[in-house]
Amino acid sequence: MKIATWNVNSIKSRLDAVIGWLRSARPDVLLLQEIKCLEENFPSLEISAEGYRSAICGQRTYSGVAILSRHPLEATCRALPGDDGDAQARYIEADVNGVRIASIYLPNGNPIGTEKFAYKLAWMERLRARVRDLLAAEIPFVLGGDYNIAPADLDVHDPHAWTQDALVQPESRAAFRRIMHLGLTDAFRAVHGNARQFTWWDYRAGAWQRNEGLRIDHLLLSPQTADRLADAAVDMEPRKRDKASDHTPVWCELTE
DNA sequence: ATGACTCGCAACGCGAGA
């Protein structure tokens with residue numbers, strides 16, 4: 001079972017790229033972030049024509065997440081529990097082939113010291129509670145998405161240049177570790193050890209051409225799915241194309 | 001360089017992203 005995640009920075013602008021990647025990479029499940037549209041405007045027909053069902057959590061202009069699946073999927077929730085007042089479309093969860101799968105768009109949190117940063121940390125605490133509950137229920141899961149966290153300096157092209165950024169703050173990284181320490185596995189790291197590999201490159205200043213990026217998109221596996229981890233990688237091909245998203249897909253393969 | 005691009009909105013520049 002191949003599960004991938006990709007922040008597409010608008011599904012409307014990236015529909016051809018997504019369809020092309022579905023055809024070439026043939027994932028069983030593709031998690032999308034920043035679809036930037038309401039559910040009613042999501043191109044479900046075009047996606048369906050490629051053989052994929054979809055579950056959508058949309059909003060106007062910003063954010064928005066989706067789960068595409070070649071297999072039947074049943075949405076289990078369309079918001080991260082823990083704050084009924086949180087209207088941002090950043091979390092959707094579904095069961096596919098006996099695996100609970102979530103598409104996550106974790107808040108960016110910049111600038112640090114603002115309510116945006118506090119929202120990020122609070123959101124991460126809610127995510128930790130969700131992970132704790134899934135583990136307690138012994139539900140096998142894969143939580144994939146744009147975590148907006150570069151877990152270590154290895155995941156940052158120039159750590160010195162990023163010291164004031166919410167994506168690398170000690171509080172951000174500690175919150176990420178609190179989640180990981182519940183017993184999760186970072187699929188890319190489990191397969192590739194300390195390889196230096198980014199998943200996002202700024203559109204500006206030739207960051208892509210200079211390979212000046214961050215590794216902020218992750219697939220986090222529960223113990224039962226980590227047992228089944230056969231392979232994982234970052235696919236750089238979509239980032240090379242014209243009109244690319246600033247993120248590129250990350251995928252993992254689970255044995256059946 | 002508090003920059004640089006790219007997106008949606010529906011402005012005819014702005015906010016947000018990371």
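**Entry 1: strand β14 and its partners**

I looked up strand β1 (residues 2-7) in this predicted model and found β1 paired with β14 in the antiparallel sense over four bridges. I next examined burial in β14 (residues 250-254): four of its five residues are buried, so the strand is largely enclosed by the rest of the structure.

**Entry 2: His247**

I located His247 in the loop between α7 (237-240) and β14. Is His247 buried or exposed? I counted 25 C-beta neighbours inside 10 Å; because the threshold for burial is 20 or more, His247 is classed as buried. Setting aside neighbours within four places in sequence, I listed the contacts of His247 as Trp6, Asn7, Asn9, Asp146, Thr199, Trp200 and Asp217. I also checked Gln33, which is 214 residues from His247 along the chain; the two C-alpha atoms are separated by 10.0 Å.

**Entry 3: the six-stranded sheet**

I traced an open sheet of six strands with mixed pairing, in the order β5-β6-β7-β8-β12-β9. Its edges are β5 (73-77) and β9 (185-186); each has a single partner strand, so one side of each lacks a neighbour in the sheet. Within the sheet I followed β7 (residues 99-105) and β8 (residues 141-146), which run parallel and are joined by six bridges. In this pair, Ile101 stands opposite Val142 of β8.

**Entry 4: helices α3 and α4**

I compared the axes of α3 (residues 115-136) and α4 (residues 170-180), which come within 9 Å and cross at roughly 5 degrees. The two helices are therefore roughly parallel to each other. On the α3 side I recorded Lys120, Leu121, Met124, Glu125, Leu127, Arg128 and Val131 in the contact, and on the α4 side Glu171, Ser172, Ala175, Arg178 and Ile179. By class, the residues of this contact are six nonpolar, one polar and five charged.

Methods: Residues are numbered from 1 along each chain as its sequence is written. Chains are lettered from A and ligands numbered from 1 in the order in which they are written. This is a predicted model: local features need pLDDT of at least 70, side-chain atom pairs count only at pLDDT 80 or more; totals for chains, interfaces and linings use all residues. Axes are lines fitted to C-alpha atoms, for helices over the stretch in contact, and angles run from 0 to 180 degrees between N-to-C directions. Angles under 35 degrees count as roughly parallel, over 145 as roughly antiparallel, 65 to 115 as roughly perpendicular and the rest as oblique. Two residues are in contact if their C-beta atoms, placed from the backbone, lie within 7 Å. Ala, Val, Leu, Ile, Met, Phe, Trp, Tyr, Cys and Pro count as nonpolar, Asp, Glu, Lys and Arg as charged, and the others, Gly among them, as polar. Two strands pair if DSSP finds at least two bridges between them. A residue is buried if 20 or more other C-beta atoms lie within 10 Å of its own, exposed if 12 or fewer, and partly exposed in between; C-beta atoms are placed from the backbone.
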